Structures are given as C-alpha cells and as structure tokens.
Amino acid sequence: IKNSISNTISERIISIYIHFPFCRSLCPACPYVRYLYNDKLVEKYINALKKEIILYGNLLKDLDLTVSDIHVGGGTPSLIKPEHFKEITNCIIENFKLANNYDFGIEANPNDLNEEYVFKIRDAGINQLSIGIQSFNEKNLKILGRIHRLKDNFSAIKNASMVDYKHTNIDLMYFLPNQSIEEWTKDIKIAVNQEVQQVTVY
C-alpha cells in the first residue's frame with residue numbers, strides 16, 4: 001500500500017481534504033455524500049477520522065511531505081464542535097509535517113456562525129472560512145431547500161468579519177429554477193459589497 005501511494009505523489013508540498021458527510025437537512029440540489037446529523041454517529045466518525053489520519057501519517061512519514069493547507073468540506077463542517085476541530089488539528093500536527101504558514105479552511109452554513117462559534121473555531125486552528133450563502137433571495141433559498149434565511153446570511157458575514165480569519169469566501173448559486181436575471185444581478189451586487197475576500201459562483 002505504501003509503495004502504491006508514494007508512486008502517485010509527485011510533489012513534496014501536499015494538501016489534506018477531509019469530507020464531513022453530515023447535515024441538519026438534505027438539500028435537493030446537493031450531489032455530495034451526506035447523511036442526517038446524529039450526535040453518536042458523528043462522535044464515531046471523528047474517532048475514525050483521527051485513526052485514519054494516524055494511519056496515513058505512518059504510511060507517508062518517510063516521503064518528506066509538507067502539508068500546506070487543510071480543507072474540510074461536506075456535508076456541513078460547521079456542525080463540528082470546536083473541541084473536535086482542535087482534536088483533528090492536533091492529530092494532523094502530530095502525524096504530519098505542516099508548513100509554518102499552513103491554512104485550515106472549512107465550509108460553513110450561515111445559521112451555524114454565531115458570535116461564539118466563529119471565535120472558538122478560530123482558536124481551534126481554523127483560519128479560512130467559506131460560507132454557503134447560495135442566494136440573497138428568500139424565494140430562491142427555499143427553492144434550494146436551504147434551512148437558513150436571508151437574515152442568517154448577513155449575520156454570518158458580520159460575525160465572520162469580527163474574527164481575524166486569513167480569508168473569507170461566500171458561495172452563490174445561479175441558473176436556479178425560474179430565477180430571473182434581475183434576481184441574479186441583485187445577488188451579485190449584494191455579494192460584492194460584503195466584507196469578504198472572495199465570492200465564488202457556481
């Protein structure tokens with residue numbers, strides 16, 4: 001296994017992607033692997049994840065690899081408790097060599113980003129945030145099956161701006177069912193006036 005993995009790695013600087021496949025609700029537009037959130041199942045998942053990090057750390061320890069960035073996607077990574085993020089961060093530090101200026105980013109739902117949470121995950125090692133705004137239109141949020149509302153979008157962006165994250169992104173979706181050009185144009189105008197470093201559209 002070790003030789004098979006090492007033969008696929010051509011660079012010494014690598015990234016780590018972690019998939020957290022749990023959500024409060026299952027949006028009909030999402031094509032990714034996800035399951036309804038369950039505390040006991042998530043606890044088992046976090047423990048299994050740490051074991052997998054240790055396993056890969058042992059397999060790759062002689063390859064002189066350096067991790068430049070870590071990204072947690074989903075699912076809904078902002079459902080992970082700050083103490084679990086700290087455990088994951090420590091586990092990676094113990095089993096991989098990290099660059100001095102490594103980045104640790106997560107994807108987040110707006111309604112998870114309250115004032116307490118944004119600071120606690122920062123303290124747990126998160127320095128990049130990608131917020132799943134998707135739309136600044138109530139009707140289109142409902143079409144997408146999102147459980148957050150327009151007010152949650154603005155609260156999340158405001159709360160994130162209070163923290164010294166290295167980078168904050170917001171996601172927008174377009175070409176939605178019956179979405180007008182005027183609605184999409186308004187979304188863009190609102191987005192570019194927010195306190196974020198990047199807007200991603202898809």
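Which strands and which other helix do the buried residues of helix 7 pack against? In this predicted model, the buried residues of helix 7 pack against strand 6 (128–134), helix 5 (138–143), strand 7 (167–172) and strand 8 (198–201). The protein as a whole has seven helices and eight strands, and its radius of gyration of 18 Å is close to the 17 Å that the globule rule gives for 202 residues, so the protein is as compact as a globular protein of that length.

**Overall dimensions and contacts**

- Taken along the principal axes, the C-alpha atoms of the protein fill a box of roughly 55 × 35 × 30 Å, and buried residues make up 47% of the 202 residues.
- Of the contacts in the protein with a separation of 6 or more, 76% are accounted for by residues 24 or more positions apart.

- Six strands form an open sheet in the order 1-4-5-6-7-8, and their pairing is parallel.
- The edges of this sheet are taken by strand 1 (13–20) and strand 8, each of which has a single partner strand, so one side of each is left without a neighbour in the sheet.
- From one strand to the next, the twist averages 20°.
- Strand 4 (residues 66–74) pairs with strand 5 in the parallel sense over five bridges, and within this part of the sheet Asp 69 stands opposite Asp 103 in strand 5.
- Helix 3 packs on the sheet, where it touches strand 1, strand 4 and strand 5, and the direction of helix 3 makes about 150° with that of strand 5.

**Strand 6 and its partners**

- Strand 6 has six of its seven residues buried, so it is largely enclosed by the rest of the structure.
- On one side, strand 5 (residues 98–108) pairs with strand 6 in the parallel sense over four bridges, and Ala 108 has Ile 131 in strand 6 as its bridge partner.
- Strand 6 is also joined to strand 7 by five bridges, these two strands running parallel, and here Gln 134 stands opposite Leu 172 in strand 7.

**Helix 4**

- In helix 4 (residues 115–123), the buried residues are Tyr 117, Val 118 and Ile 121.
- Viewed down the axis of helix 4, these buried residues fall within an arc of 100°, so they line one face of the helix, whereas Glu 116 and Asp 123, on the other side of helix 4, are exposed.
- The cover over the buried residues of helix 4 includes helix 3 (82–95), strand 5, strand 6 and helix 6 (150–161).
- At the start of helix 4, Asn 114 places a side-chain oxygen within 3.1 Å of the backbone nitrogen of Glu 116, while the residue Gly 125, which follows helix 4, has a positive phi, near 120°.

**Helix 7**

- In helix 7 (residues 181–191), Glu 183, Trp 184, Asp 187 and Ala 191 are buried.
- Seen down the axis of helix 7, its buried residues lie within an arc of 95°, so they line one face of the helix.
- The residues Ile 181, Glu 182, Lys 186 and Lys 189, by contrast, are exposed on the other side of helix 7.

Notes: Residues are numbered from 1 along each chain as its sequence is written. This is a predicted model: local features need pLDDT of at least 70, side-chain atom pairs count only at pLDDT 80 or more; totals for chains, interfaces and linings use all residues. Side-chain values use heavy atoms; hydrogens and water are left out. Buried means under 20% relative accessible area, exposed over 50%, partly exposed in between (1.4 Å probe, protein chains only). The arc is that of the directions from the helix axis to the C-beta atoms. Contact means heavy atoms within 4.5 Å. Two strands pair if DSSP finds at least two bridges between them. A polar contact is a pair of N or O atoms within 3.5 Å; within protein, one must be able to donate a hydrogen and the other to accept it, and residues adjacent in sequence count only if both atoms are side-chain atoms. Axes are lines fitted to C-alpha atoms, for helices over the stretch in contact, and angles run from 0 to 180 degrees between N-to-C directions. The radius of gyration is taken over C-alpha atoms; the globule rule is 2.2 Å times the number of residues to the power 0.38.
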